[in-house]
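Here is my note for you, point by point. Keep the viewer open as you read.

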Amino acid sequence: MTVLTTDQGIPVAGTGNSLRAGARGPSLLEDFHLREKLMRFDHERIPERVVHARGAGAHGVFKVYEPLDEYTTADFLTDPDAETPVFVRFSTVQGSRGSTDTPRDVRGFATKFYTRQGNFDLVGNNMPVFFIQDGIKFPDLVHALKPEPRHEMPQAASAHDSFWDFVTLQPETMHHLIWLMSDRALPRSYRMMQGFGVHTFRLVNGHGRSTFVKFHWTPALGTHSLVFDEAQQISGKDPDFNRRDLWEAIASGNFPSWELGVQLLGEFVLDDVDLLDPTKLVPEEVVPVTPIGRLTLNRNPDNFFAETEQVAFSVGNIVPGVDFTDDPLLQARLFSYLDTQLTRLGGPNFAQLPINRPLAPVHNHQQDGFHQQRVPVSPVNYSPSSSAGESSGGFVPFPETVDGPKERKRSETFADHYSQATLFWNSMSGWERSHIVAAYRFELGKVTSMAIRVRMVEHLNRIDHDLAVAVAGGIGVEEPVKSVDNHGRSSAALSQAVTAPGPVATRKVAVLVGDGVPARWVARLRDDLTARGVVVDLLGPVDGTVTTDDGLPMEVTRALETVASVLYDAVVVPDGALGLAADGLAVHFVASAYKHGKTLAFAGTGSDVLLRAQIPLDVPDVALLSDFSSDALIAALGRHRNFDRDVSSVPA
């Protein structure tokens with residue numbers, strides 16, 4: 001048995017009672033164990049991140065497919081035999097550390113590569129563009145987005161006056177706004193979410209030649225989203241939904257992976273897109289994404305605080321062969337990320353924390369400061385010195401020629417704020433467009449100022465007239481007169497509707513059971529799905545067991561009242577459980593699943609539950625299961641959802 005001690009290693013006899021003068025007497029000041037225990041408790045919290053406060057992380061590895069020597073000297077991108085350790089942190093942007101996983105929000109996708117040349121941090125998001133073009137506006141953006149200072153509301157939500165007042169006065173936000181109003185802001189799982197470096201970076205090869213590059217992460221499981229009503233319900237039923245999903249997948253050996261791809265670009269302006277403008281993307285039809293390597297997450301953190309909370313990312317952490325561009329948002333981030341760690345992690349030695357410590361050797365003359373963990377033994381703490389040679393072969397910035405007067409001015413090539421928002425809108429399927437319209441209506445419907453609503457409709461009218469009319473009709477704003485023509489261009493890569501059917505492993509299926517269900521049928525179905533990697537839960541009216549058709553007990557996974565259909569990807573209602581059609585929880589369960597585009601399967605009298613929920617039995621992805629075959633269910637699961645359903649009359 002481990003002996004309980006103080007932080008000084010002094011054994012303590014017990015930790016349940018403080019030292020007193022008599023059993024009913026006063027506590028004594030000399031009780032060093034009490035003082036230390038309370039002091040440590042009082043100082044457990046550190047400042048949370050201003051943005052990206054809520055997150056989840058995991059360890060893994062990265063391997064490049066083929067050497068990229070033609071473009072870079074970065075070791076982890078040129079040695080296919082190297083397996084580079086990584087730590088990845090996913091996050092929401094708006095909410096505090098204790099907020100929910102599923103708000104309408106941008107998601108952070110930050111990767112720390114522990115390379116042999118030092119740490120490289122690729123600090124991106126799940127959207128390829130950002131709200132603003134210049135980092136000097138970042139404090140204003142975040143102040144407007146966060147809860148209003150008068151009353152600290154709303155939490156983890158952009159649906160309020162401050163945010164929409166700000167963005168309607170900043171037309172450069174229009175492209176990112178339409179991404180935020182799309183289903184991209186509601187990922188089904190971190191494992192089913194794309195990632196982007198957002199900025200244009202440089203790769204530099206051994207001859208000093210520079211190539212502009214944009215980084216893309218593509219999930220092996222496909223890119224899939226929730227719908228907003230579902231996401232809101234999940235926030236109440238399981239606010240840790242995405243965090244739990246990632247943890248359970250890794251713990252069960254279903255390691256998520258992403259392919260790293262690059263767009264290799266010419267410099268500065270390409271197809272009317274200024275590559276230094278972070279509010280613009282380069283369509284994949286113009287420059288394809290070239291796959292270069294694979295990231296696999298294979299280990300959960302041992303301690304959330306020590307790793308996920310204390311990890312310190314910085315876009316300034318680059319290695320030889322990678323360099324910056326003059327993107328003005330990127331330049332501001334180079335300052336801000338380093339600066340924020342000083343407050344959040346208590347001083348300049350945060351790089352010595354185990355999660356931040358590079359695997360590459362560290363040699364420099366930095367010294368002292370709070371929480372210094374190294375014990376330098378060299379008498380030399382300066383450079384140059386007689387006893388230590390100068391370093392060579394290190395990082396050399398790309399020798400870019402810079403010329404121009406000092407001025408607070410933006411390039412005219414940054415001036416187009418609408419055409420790429422139009423490109424995104426044109427690229428959406430019908431159901432994606434309807435979700436976007438509904439999102440604008442919801443968000444602007446929460447805005448109390450009619451002037452802000454009118455201003456936003458005017459912006460939408462410059463993106464697409466039909467979009468503006470549809471939104472205006474739901475928020476009490478007069479229909480605008482058409483002001484510009486839609487340019488008609490689109491990019492198929494921007495739509496989630498074109499995602500090919502994906503793997504079904506780790507998808508969750510709820511099987512509703514009750515007294516009378518056929519034991520052999522349910523067991524065969526469960527075994528078949530489990531063999532394909534699907535997670536199957538048997539949900540009963542209460543915890544414990546139900547009695548099957550052969551009179552034997554069958555153990556249920558959970559009681560219906562403790563879960564909801566929003567936590568599952570599909571629902572099966574078997575034959576025989578006659579009481580389910582009269583169970584309001586069961587009926588609502590299937591109605592809600594249908595409304596959210598999920599696959600429903602039934603057998604025999606299971607159809608009674610669907611009919612009671614007013615669900616037609618002859619529509620796509622409502623499957624009749626027979627002879628224990630789950631093939632139809634598996635095929636529908638691979639397609640994720642059927643969002644083309646008319647669900648306007650579904651009472652859920």
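1. Which residues of H9 meet which residues of H10? On the H9 side they are Phe424, Trp425, Asn426 and Ser427. On the H10 side they are Glu432, Arg433, Ile436 and Val437. Sorted by class, this contact between H9 and H10 has four nonpolar, two polar and two charged residues. Bear in mind throughout that this is a predicted model.

2. Now look at how these two helices are placed. H9 covers residues 419-427, and H10 covers residues 430-445. Their axes come within 8 Å and cross at roughly 125 degrees. An angle over 145 degrees would count as roughly antiparallel, and 65 to 115 as roughly perpendicular. H9 and H10 are therefore oblique to each other.

3. Next, the aromatic rings. A pair of aromatic rings is described by the distance of the centres and the angle of the planes. How many aromatic pairs does a search of the whole structure find? It finds 22. Take Phe62 and Trp217: their ring centres are 6.4 Å apart and their planes stand at 85 degrees, so this pair is edge-to-face. The cut-off for that label is an angle over 60 degrees.

4. Where do these two rings sit? Phe62 is in strand E1 (residues 55-64), while Trp217 is in strand E7 (residues 210-219). The pair therefore ties together parts that are 155 residues apart in sequence. Both Phe62 and Trp217 are buried. They also belong to one aromatic cluster, together with Phe76, Phe90, Phe109, Phe113, Phe120, Tyr190 and Trp258.

5. Arg104 lies over the face of Phe228, at 4.7 Å from the ring centre.

6. Is Val573 buried or exposed? Its relative accessible area is 1%, so Val573 is buried. This residue is found in strand E18 (residues 570-573). Beyond its neighbours within four places in sequence, Val573 is in contact with Leu512, Leu580, Val590, Ala601, Phe602, Ala603, Gly606, Val609 and Leu610. Check Leu610 in the viewer: it is 37 residues from Val573 along the chain, yet their C-alpha atoms are separated by 8.4 Å.

7. Finally, a loop residue. Ser491 is in the loop between helix H12 (465-472) and strand E13 (508-512). With 2% relative accessibility, Ser491 counts as buried. Which residues is Ser491 in contact with, leaving aside its neighbours within four places in sequence? They are Pro283, Glu284, Glu285, Leu423 and Ser427. Ser427 takes us back to point one, as one of the H9 residues that meet H10.

Definitions and conventions. Residues numbered from 1 in each chain as written. Predicted model: local features only at pLDDT ≥ 70, side-chain atom pairs only at ≥ 80, totals over all residues. Heavy atoms only, no water. Axes fitted to C-alpha atoms, helices over the stretch in contact; angles between N-to-C directions. Helix = DSSP H or I, 4+ residues; strand = E, 2+ residues; numbered from the N terminus. Parallel < 35°, antiparallel > 145°, perpendicular 65-115°, else oblique. Contact = heavy atoms within 4.5 Å. Nonpolar A, V, L, I, M, F, W, Y, C, P; charged D, E, K, R; others polar. Phe/Tyr/Trp six-rings, centres within 6.5 Å; stacked < 30°, edge-to-face > 60°. Buried < 20%, exposed > 50% of the residue type's maximum accessible area, 1.4 Å probe, protein only. Lys NZ or Arg CZ within 6 Å of the ring centre and 35° of its normal.
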